[in-house]
Amino acid sequence: MSLLSTSPVAAHAFAVATRCASALAAGLLSSYAYSQSMNPVVVTATRTETTIDRALADVTVIDAQTIRDAGASSLPELLRSAGGIEISQTGGAGSVSGLFVRGARNSQSIVLVDGIRIESPLSGGAVPEHLPLSAIERIEVVRGPASALYGSGAIGGVVQIFTRQADADGWWPFASVGFGTQGTQQLQVGFRAAREGTRVALSLARESTDGFESTRPGSPDYQADRDGNRQHSLTASLAHRFAAQWEAGASALVNDGHVDYDDAFSTPATARQDYRSAAVSAWLRGRPLDGWQTELRAGNSSIDYGYRAFTFAPRTDSRTIAWQNTVDAWGGKLLFGLESLVQSIDGDGVTRGGAFLYARDRRGTDSVFGGYEHGWGEHTLRATLRRDRIESVGSETTGALAWGWRFMPQWLLRASYGTAFRAPTFDDLYNPFSPNPTLRPEKSRGYELALERHAGNAMLRATAFGSRIDEAIELDAFYTARNLAHARVRGLTLEARQVFGAWMLRASATVQHTEGLSVDPLTGTRTEADLARRAPRYGVVGVEHHQGPWRFGADAIAQARRFDTLGQRMDGYAFVDAWAAYRLARDWELFARAGNLGDRDYETVAGYRSPPRSLFVGVRYAAR
C-alpha cells in the first residue's frame, strides 16, 4: 500500500482543499480591494511585539471573534480547524487529547498561558483538553523549532493562549447561555472595566455534557455507557499603569471538573477522572531609559488530577521567573534575558501511598537567552541563542537564524534554520512501571523556506519545512519510552485567504512524510516506520459570510489514513462543521454551531470514536 493512500472520501476532500488553495492563490494575484488590515501584532514568534508579516516565522492568529464563532467544542478541535495542526482525542470534550504540530507529538510542542508554560512535568504535555475555550481571548500558533527562545520542548512549535483582558475605558459586561445535543449546557458571565490607568477583567463559566460512547465494541477499554464532562472555570486579570512608562499586572486561569472515560481496569461507575488546572502570573514592565523595554514575570502553572477507580492522584507544579529586555542597539534590536523553571510532582501513587513510586519529584532549569535583529533595505536578519541547564539531564545550547527579503511591498521571501531539544520527562525516566533512566534528550534540526504575500485582508503563503529529531523518544509496544535512532519530518503547507465582498474564503493543505528509524541494541536490526498518528496529508477549507446582522460559516476538515502506536490502521476521513450568528440588537446576538454535519464516523486514536453530529444554540450579550 502506498504511503500516501487514503480513503476515497478523504482523498476527494483533500483534493478539493488543494484546488481551493490554488484558486484562492489565483484570486490573490488579481484582487486588490480589501476591507480591513490582517497584519496583527504578535509576540510569541520573537518574545517581543512585532507585526505578523515581520515575524519571520510561520504564525497563525486566532482572534476572539473566530473563537466565539467556531464550530469546535474544545481547544484541540479549534486548533485543528486553523490548519497546520493534527490532533488525537479519546472521545469528546475533556477526553485525553494531543497536538501534533508539524509532525511533532504533544510533548514536543509548548503551550503558554499569558506567557507562562503550562504542562504536566509527568508527561511533558500541556493537557489542552483541560483549557476551556470560554476563557480564551486570542491564540498565537508558531510552527517550527523555537527552543532558542523557549527552551526544552519547543521542537514542533509554540501555542500561546491569551486570556480575557480589558482594553477600553468604561464598564463592559458580557454573558452567554446555550444548550445542545448530548445534554450539553454552557453558561458564562463576566465583565471588563478600565478607568484612569487601571484595567480589570473577570469571567466565570460552567460547561457540561453527557457525552457519547467513546469506545468501540471490541476495544479492550469498551464500556457500554456515555462519557460526559463537567467543568467550571474562572479567568481574572488586573493591570495598573502607575507611571507613563511603567505598568504592573496579574492574571489567572483556573479550571476544574471531572470527565468520564472507558477503561479495562474500572467499571462505568468508577471510570471517572477529577482534574484541576491553573495558570497564575504577575508581571512588571516598563522603560528604564529611552530605547530599553524590560519585563519581569513570575508565574505558576499546575495540572492536578485523580482517579476514582485506583490510587493515583498527581499534583504538579511548574514555577517560572523570567526577566526579559529589549534594547535599541547598533541600528537594530537586542534581546536578552534570564529564566528559571522549577517543576515538582507530588500526590498519592506518585511520592506516597504505595510501593511503586517515582524515583525523583523535583527538577530545576536555569536558562539564559539572547538575540539580535537588524534590518537594512528590504532585508531583515535575526539570530537567537539560548543555554539551558537542567538538573539530572545536563546542559543544552540551541540557536536559530532567520532571514527575510521583502523584494516587493506585499511579497516576502524568508528562510530559517534552528535547533531544538526536549528533555525526557518524569514519566519517561522515573515512572514506576516502565521507566527508562538511560533516555537521552531529543535533539532536532529544522529548516523552513517560505514565500508569502500579505495585502490587506488577503494572504497567500507556501511553506516548505523539514526537521530531523535525533534520539527521538517514542513509546514501544510495551509503552516504554525509547530513543529512536532518529525521526524525520518533511513537508509543504499551502495557505490562502481571500475576501470577495461579504465573503471570505480560506484554505490550508499540508503534505508531509514522517518516518522513525529504530535500531535494536542487541541485534542491530534497523526498522523504519511512519510516526504514529501523523497523516501524509491533511487540510481544511473554510468559508465565512458577514453582512448586516448575519454571520455564518463552515469548515471542511480532512485527514488521510494514519497508523496508531501499535500499528493499527486508522482510515482517512472528512467532515464539516458550521456556525451562524444573528444580531438581534446592538448588544444581543443569537448563535448556533453544528459539528460533524454528516455524522462521519472516524478515529484519531485507534478504538475510540470521535464526536458524532451535534447541534448547539444559544444567546449572548456583550456591551459595546
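## Close-up views of salt bridges and a sheet

**Glu-247 is buried, with a relative accessible area of 7%.** In these legends, buried means under 20% relative accessible area, exposed means over 50%, and partly exposed lies in between (1.4 Å probe, protein chains only). The model is a predicted one, in which local features need pLDDT of at least 70 and side-chain atom pairs count only at pLDDT 80 or more, while totals for chains, interfaces and linings use all residues. Residues are numbered from 1 along each chain as its sequence is written, and side-chain values use heavy atoms, with hydrogens and water left out. The partner of Glu-247 is Arg-199, and the closest N and O atoms of this salt bridge are 2.8 Å apart. Because Arg-199 belongs to strand 12 (residues 198-212) and Glu-247 to strand 14 (residues 246-260), the pair ties together parts that are 48 residues apart in sequence. Arg-199 is partly exposed, at 23% relative accessibility. A salt bridge is here a side-chain nitrogen of Lys or Arg within 4 Å of a carboxyl oxygen of Asp or Glu. Helices (H or I, at least four residues) and strands (E, at least two) are DSSP runs, numbered from the N terminus.

**Asp-601 and Arg-216 form a salt bridge.** Their closest N and O atoms are 2.9 Å apart. Asp-601 lies in the loop between strand 35 (588-595) and strand 36 (614-622), and Arg-216 in the loop between strand 12 and strand 13 (227-243), so the pair ties together parts that are 385 residues apart in sequence. Asp-601 has a relative accessible area of 45% and is partly exposed.

**Asp-587 forms a salt bridge with Arg-586.** The closest N and O atoms of the pair are 3.3 Å apart. Asp-587 is buried at 13% relative accessible area, whereas Arg-586 is exposed at 57%.

**Salt bridges also link residues into a network.** The members are Asp-58, Arg-102, Arg-143, Arg-414, Glu-448, Glu-452, Arg-461 and Glu-495. The structure as a whole holds 50 salt bridges.

Two strands pair if DSSP finds at least two bridges between them. Strand 3 and strand 8 (residues 136-143) are joined by five bridges in the antiparallel sense. Ile-62 stands opposite Ile-139, which lies in strand 8.
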